[in-house]
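Open your viewer and keep the selection tool handy. We will go from stop to stop, and at each one you will hear what to pick and what is there.

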Amino acid sequence: MEKKYPLIAGREKGPGPGRYGLPPTIGFMGHDFTRQTSPAYSFHGRMSDTMYRVDSSPGPQYHIDAKMTRFGRDGTPAYSMLGRVKAQKELFQTPGPGAYSPEKTPTFNLQRRPPSYTMGSRSQYRSVDSVPAPNKYSLPPLMGPQVPNKQASASYTMSGSYSAGGPSVDLAQTPGPCRYNSTDPSVYLPRKPAFSMLGRHSLPRDATEKPGPGTYNPEKVTVNKARAPAYSLGMRHSEFVTPLVVNVSD
């Protein structure tokens, strides 16, 4: 249940700024006479269709030819292109320069004519003509000593490996080069100084835990330093409560 408080006369205040109605400064009707009025404009409504019967003149949509000037029609010459006329077979068709072939005329006046060649179709071989093709011939090889009248280079052969008694089998069982151990050079040569690296040792120290720098609060020390002002938030009191007067001056 909501708690009811007693009515206090100090709380009953006057109306706010929104309660007063000032004359507007926009528009023309009821404008504030203490302010300067700006010009106002209005939009006219759309006319009805009956206006076309009264005034049916066209708008600014006139097409004026570009050749018309204020002094009359332009006097510059004008040209036009007609279509191609169809050829009539009954008329005489004069041949053009490409219709003549002077290179085909017979030789006159002892003129030399260049040689001319023609290409005919491939002739069919007869069954009686057993002429071999070019790929039927085989030339003798030139590798090895098979050709008696050609100089041959040295030729080598590779034989298989023998399982016993061959070059790959060592009958004496002699050790190979990898069976011998290499001698340390420091045995027969002057030895250089040698160094080694040991692991890191921990320093002896106290095992008790020490507080770090973040544990201390020097800003809270007020023994030898001036203390900064501190504020706290209390409860809200009524503005109509009588203040407590402690010191009364006579």
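Throughout this tour, buried means under 20% relative accessible area, exposed means over 50%, and partly exposed means in between, with a 1.4 Å probe and protein chains only. This is a predicted model, in which local features need pLDDT of at least 70, side-chain atom pairs count only at pLDDT 80 or more, and totals for chains, interfaces and linings use all residues. Residues are numbered from 1 along each chain as its sequence is written, and side-chain values use heavy atoms, leaving out hydrogens and water.

Start by selecting Asp65, which is partly exposed because its relative accessibility is 35%.

How many salt bridges does the structure hold? There are 2. For another, select Lys210 and Asp206, where the closest N and O atoms are 3.1 Å apart. Lys210 is exposed, at 54% relative accessibility.

Next, pick Asp32, in the segment before α1 (51-54); helices are DSSP runs of H or I with at least four residues, and strands are runs of E with at least two, numbered from the N terminus. Show its surroundings: leaving aside neighbours within four places in sequence, Asp32 is in contact (heavy atoms within 4.5 Å) with Pro23, Pro24 and Thr25.

Finish on Met68, in strand β1 (residues 68-69). Met68 is partly exposed, with a relative accessible area of 41%.

Key. Salt bridge = Lys/Arg side-chain N within 4 Å of Asp/Glu carboxyl O.
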